[in-house]
Amino acid sequence: MRYAPARGNTPGIHDLVLETETKVIRGEACAAAAQTLRDQGLRPDLICVHPGWGEGLFLKHVWPDTPMLCYQEFWYNTEGFDVGFDPEWPSAERDWETGCRIQMKNAYLHLMFGEADWNITPTTFQRSSFPQPYQQRLSVIHDGIDCSQSCPNPDPAPLELGHSIRLEPGDRLVTFVNRRLEPYRGCHTFIRALPELQRLQPEARIVVVGETSGVSYGRPCPEGEWKELFLKEIEGDYDPSRVNFIGNIPHHAFTRLLQLSACHVYLTYPFVLSWSLLEAMSCGCAVVGSRTAPVEEVIRDGHNGVLVDFFKPGDLASAVSDLLENRALAQQLGRAARQTIQARFDLRTCLPRQLALMDLVANRALPD
């Protein structure tokens, strides 16, 4: 049932409460739609909600006797996680102002923990971002990766992307993906690694998936778009004809791309782990990832992937080059990567665990 906010933000509202007001506006609209459903006779056994946009704030006032299960993604912290991680862009705020902003960014989560009967989060790292008392009410169950779809292809066909990009099995193909190209997902480190990578591997084909404008996480680029800013840094030092920025592509095409990849690169701040990494591992890719906590939860260096310092483009280029040269090692890491996903993140395992948790919460038999 679709619904729309009844109003916009208050003109001139204080910046620190703008996001909270936005969530209240959405929560109000969602509760009004829920009341319509209640008037039609709906009495749910369970409410499942992602609280991140505010929709769940007031649902308990519509159905006060219905248990609620919340999908909790991340708790913002002033240190130890994404905020302040990258010294290249220090905050213009004073320390106490940063604390105020983070406190208010988490305000709705405080409210939602008060409303929720139980909570779920995908990874142990994400659970660790929450205050200790809240961690006691969080089950760690991943959404699940469909390993039957994201899987190796022993006999891949050539892949055409657009009119001018044709990728062949056996290409020294390096893949990199962001929802949008931005520092939170290491686009600056990857782009800065291109000159050295091409010096070491002049035949490498490099394909970058993702939107090249705007941001999903973090701050907007102060000068245009992040991609253009970093490409300008390396202008004249790399061969752009062998680097393809292809924007967003359908998921089936992304899977085929991963099946052709000789090395997949995944970089991230200490933040929410991307599905794309797990899908790449499930496809049997040899992954070079950042030595940051969310990646270290799934990749053990030298066992099912290679880890490098997030801030060292030269180390990244060397690690990728080594895997392009040592195909036996790359295949070994790829097999171990897929085994990791099958053992810990397979949809066929995760989905029954989620359904079992839903039954427990619906029946008020909360986990220990």
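Colleague: At what angle do the axes of helix α10 and helix α13 cross, and within what distance do they come?

Modeller: The axes of α10 (residues 275-282) and α13 (residues 327-344) cross at roughly 120° and come within 7 Å. This is a predicted model, where local features need pLDDT of at least 70 and side-chain atom pairs count only at pLDDT 80 or more. Residues are numbered from 1 along each chain, and side-chain values use heavy atoms, leaving out hydrogens and water.

Colleague: Why are α10 and α13 called oblique?

Modeller: Under 35 degrees counts as roughly parallel, over 145 as roughly antiparallel, 65 to 115 as roughly perpendicular and the rest as oblique. The angle here is roughly 120°, so α10 and α13 are oblique to each other.

Colleague: Which residues of α10 and α13 meet?

Modeller: Leu278, Met281 and Ser282 in α10 meet Gly334, Ala337, Arg338, Thr340 and Ile341 in α13, with contact meaning heavy atoms within 4.5 Å.

Colleague: What makes the pair of Phe85 and Phe310 edge-to-face?

Modeller: Rings pair if their centres lie within 6.5 Å, and planes under 30 degrees apart are stacked, over 60 edge-to-face, the rest tilted. Phe85 and Phe310 have centres 5.4 Å apart and planes at 70°, so the pair is edge-to-face. The pair ties together parts that are 225 residues apart in sequence.

Colleague: Is Phe310 buried or exposed?

Modeller: Buried is under 20% relative accessible area, exposed over 50%, partly exposed in between (1.4 Å probe, protein chains only). Phe310 has 2%, so Phe310 is buried.

Key. Phe/Tyr/Trp six-rings, centres within 6.5 Å; stacked < 30°, edge-to-face > 60°. Helix = DSSP H or I, 4+ residues; strand = E, 2+ residues; numbered from the N terminus. Axes fitted to C-alpha atoms, helices over the stretch in contact; angles between N-to-C directions.
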